[in-house]
Amino acid sequence: MTIAARPRHSIRFHSRSFHAMALAPEAPLTDWLAELDAWLERSPEFFVGRPIVLDLSSNDWSEADLLGLTKDLGERKIQVLGLEGGDRSWLDPALPPLLTSGGRQESAPDRVIAALDNDDPTPAAPPPPLRPHSLLLDSPVRSGQYIEHLQGDVIVIGSVASGAEIVAGGSIHIYGTLRGRAIAGADDPRARIFCRKLEAELLAIDGLYMTADDMEPHLRGRSVQVWLDGDSVMVTAQD
């Protein structure tokens, strides 16, 4: 008798990378939430559908603080994807997962490797830095498009439509009208944003943001450059 082996259904796993925005809450949380509410009044759709990571490096947070905060953010329709810089002892299933600095969920092997590294008196050699390079887009960026280039500058020969978003590790150069969102300086706070005509929904460098409501009316429709001065986003005309 011949017995045919039945094929087994396998569970397939795939690796995926997603872009997430980081929110860095500050104490006291009541004041920080009040500032967040003021932001949401000006830009009510800003966080809709966006995965959010909470950066907890600025303060020592308790597990109870984070349980309350994630609940408060959920009531504001802000989805928290994970926690970065949190206490490794937190195991409450009601909390989002802890992430390493690279965006991966922290696991038991990660913790074991970290412990072994601490016992090793010889520090590991750092990886060689990536060589920055620019991304050149020779056509306009359409509404709904998302462009991410973290290894250098982004140059757009054309306009960026409303609803489009560009994220760059370095500077952003737009030789046309900027109507969407430009987020520069993911790896360099000295980065700048240049555009021939400012009609932007949002400008950001190194995590500091300026929405359309915050921009001076006399700068709308003009050629501008954007940079950071301390914790302030500065915009000046170039024409």
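Here are some questions and answers about this predicted model.

Me: How many helices and strands does the protein have?
Reply: Let's start with the overall picture. The protein has 239 residues, and 35% of them are buried. Its secondary structure comes to three helices and 15 strands.

Me: Which strands stand at the edges of the open sheet of four strands?
Reply: The order in this sheet is β1-β2-β3-β4, with parallel pairing. An edge strand has a single partner strand, so one of its sides is left without a neighbour in the sheet.

Me: Which residue is the bridge partner of leucine 54 in β3?
Reply: Strands β2 (residues 51–55) and β3 (residues 79–84) run parallel, and five bridges join them. Strands of a sheet pair through backbone hydrogen bonds. For leucine 54, the bridge partner in β3 is leucine 83.

Me: Which residues touch the most other members of the largest nonpolar core?
Reply: This core holds 29 residues. Among the elements that give two or more residues to it are β11 (193–198) and β12 (202–205). The residues that touch the most other members are Leu198 and Leu203.

Me: How many residues are in the second, separate core?
Reply: You can look for it through some of its members. Leu29, Leu36, Trp39 and Leu95 are included in it. The size of this second core is 26 residues.

Me: Which methionines is leucine 203 in contact with, leaving aside neighbours within four places in sequence?
Reply: Contact here means heavy atoms within 4.5 Å. The partners of leucine 203 include Leu178, Ala182, Ile193, Leu198 and Val226.

Me: Is histidine 173 buried or exposed?
Reply: Histidine 173 lies in strand β9. Not counting residues up to four places away in sequence, histidine 173 touches Asp153, Val154, Ile155, Val156 and Phe194. Its relative accessibility is 18%, and the cut-off for buried is under 20%. So histidine 173 counts as buried.

Me: What does tyrosine 175 count as, at 45% relative accessibility?
Reply: Tyrosine 175 also lies in β9, which covers residues 172–178. Buried means under 20% and exposed means over 50%, with partly exposed in between. At 45%, therefore, tyrosine 175 counts as partly exposed.

Me: What accessible area do Leu136, Ile157 and Tyr175 have together?
Reply: These residues form a nonpolar patch on the surface. For the whole protein, the accessible surface comes to about 15,300 Å², of which 52% belongs to carbon and sulfur atoms. The patch has an accessible area of about 310 Å².

How values were computed
Residues numbered from 1 in each chain as written. Predicted model: local features only at pLDDT ≥ 70, side-chain atom pairs only at ≥ 80, totals over all residues. Heavy atoms only, no water. Patch = residues over 30% accessible without salt bridge, like charges linked within 9 Å, V, L, I, M, F, W, Y side chains within 5 Å. Areas by Shrake-Rupley, 256 points an atom, 1.4 Å probe, with all protein chains shown as cover. Salt bridge = Lys/Arg side-chain N within 4 Å of Asp/Glu carboxyl O. Buried < 20%, exposed > 50% of the residue type's maximum accessible area, 1.4 Å probe, protein only. Core = buried A, V, L, I, M, F, W, Y, C linked by side-chain atoms within 4.5 Å. Pairing = 2+ DSSP bridges.
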